[in-house]
Amino acid sequence: MSSLVKKFSANIVGRDFAVGDIHGHFTLLQRALDKVEFDPVRDRLFSVGDLVDRGPECELVLEWLAKPWFHPVRGNHDDYVCRHDTCDLGNWVQNGGGWFLALPHAERQEYAVQFRELPIAIEVETPGGLIGLVHADCPFPSWRFLLEKLADGAEGNPGLLRSIKNSCMWSRRRVEQGDSSGVPDVHALVVGHTPMSNPSALGNVIHIDTAGWCPQKSGFFTLLDLHSLQAHMMRGARDEQDQG
């Protein structure tokens with residue numbers, strides 16, 4: 001199996017949660033986990049990516065990547081780290097990448113090595129069925145077809161593979177078109193990337209980036225229980241729940 005895809009068997013001893021974009025706000029994320037009494041011995045946390053940029057704690061990301069219960073996909077901001085020696089630096093700085101450019105060269109390389117290990121897609125077995133996670137969207141008519149293309153490296157076509165990865169990390173087509181057709185082969189597909197005022201679903205595609213990285217504008221973290229698809233919305237000190 002390609003490192004671009006990671007599969008996880010069912011968690012039979014605890015819970016599985018997914019969280020929206022983090023953007024360097026790990027203290028706020030930990031507070032949200034505390035509210036649901038997250039147990040690092042039994043529970044797992046899956047992230048839809050964008051671990052860094054914009055927030056004040058981006059350099060804590062390596063500590064989080066070392067946690068055995070934390071499993072993120074690669075977001076478009078994470079991909080900047082992977083491509084730091086070839087990307088548009090001006091654009092990245094405008095979008096919060098200044099923290100990375102301030103690092104010594106050796107530290108930049110260490111971040112890049114670890115971020116290149118982040119998969120584009122994650123699949124999790126749950127009691128309700130398979131759950132898929134990507135940062136932005138599935139660009140194909142089915143989840144299975146996406147995994148096949150990622151696993152075989154788009155049959156040795158680097159340009160096509162890059163296009164597929166970019167769609168998974170950047171696309172907002174489904175939201176912009178209000179496409180509720182859903183994605184076959186999974187019980188639900190969980191994504192972030194596009195900030196929402198509340199977690200919302202288009203077909204079986206559940207959007208959980210509720211801007212927890214922007215608390216000054218009333219953003220909050222959403223933790224989605226992957227077993228029940230129940231959304232825990234962490235608005236300030238309150239723990240509100242909504243059926244996904």
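## Helices and loop residues in a predicted model

L60 sits in the loop between β3 and α2, where helices (H or I, at least four residues) and strands (E, at least two) are DSSP runs numbered from the N terminus. This is a predicted model, in which local features need pLDDT of at least 70 and side-chain atom pairs count only at pLDDT 80 or more, while totals for chains, interfaces and linings use all residues. Residues are numbered from 1 along each chain as its sequence is written, and side-chain values use heavy atoms, with hydrogens and water left out.

L60 has a relative accessibility of 28% and therefore counts as partly exposed; buried means under 20% relative accessible area, exposed means over 50%, and partly exposed lies in between (1.4 Å probe, protein chains only). The C-alpha atoms of L60 and G24 are separated by 7.6 Å, although these residues lie 36 residues apart along the chain.

Which residues of helix α1 are buried? In this helix, which covers residues 26–35, they are F26, L29, A32 and L33. Seen down the axis of α1, these buried residues fall within an arc of 115°, so they line one face of the helix; the arc is that of the directions from the helix axis to the C-beta atoms. An α-helix has 3.6 residues a turn, so residues three or four places apart point the same way. The buried residues of α1 pack against β2 (16–19), β3 (44–47), α2 (61–65), β10 (221–225) and β11 (230–235), where contact means heavy atoms within 4.5 Å. After α1 comes E37, whose phi is positive, near 55°.

Helix α7 (residues 143–151) and helix α9 (residues 158–170) have axes that come within 10 Å and cross at roughly 135°; axes are lines fitted to C-alpha atoms, for helices over the stretch in contact, and angles run from 0 to 180 degrees between N-to-C directions. The helices α7 and α9 are therefore oblique to each other, since angles under 35 degrees count as roughly parallel, over 145 as roughly antiparallel, 65 to 115 as roughly perpendicular and the rest as oblique. L146, K149 and L150 of α7 make the contact with L161, I164, K165 and C168 of α9.
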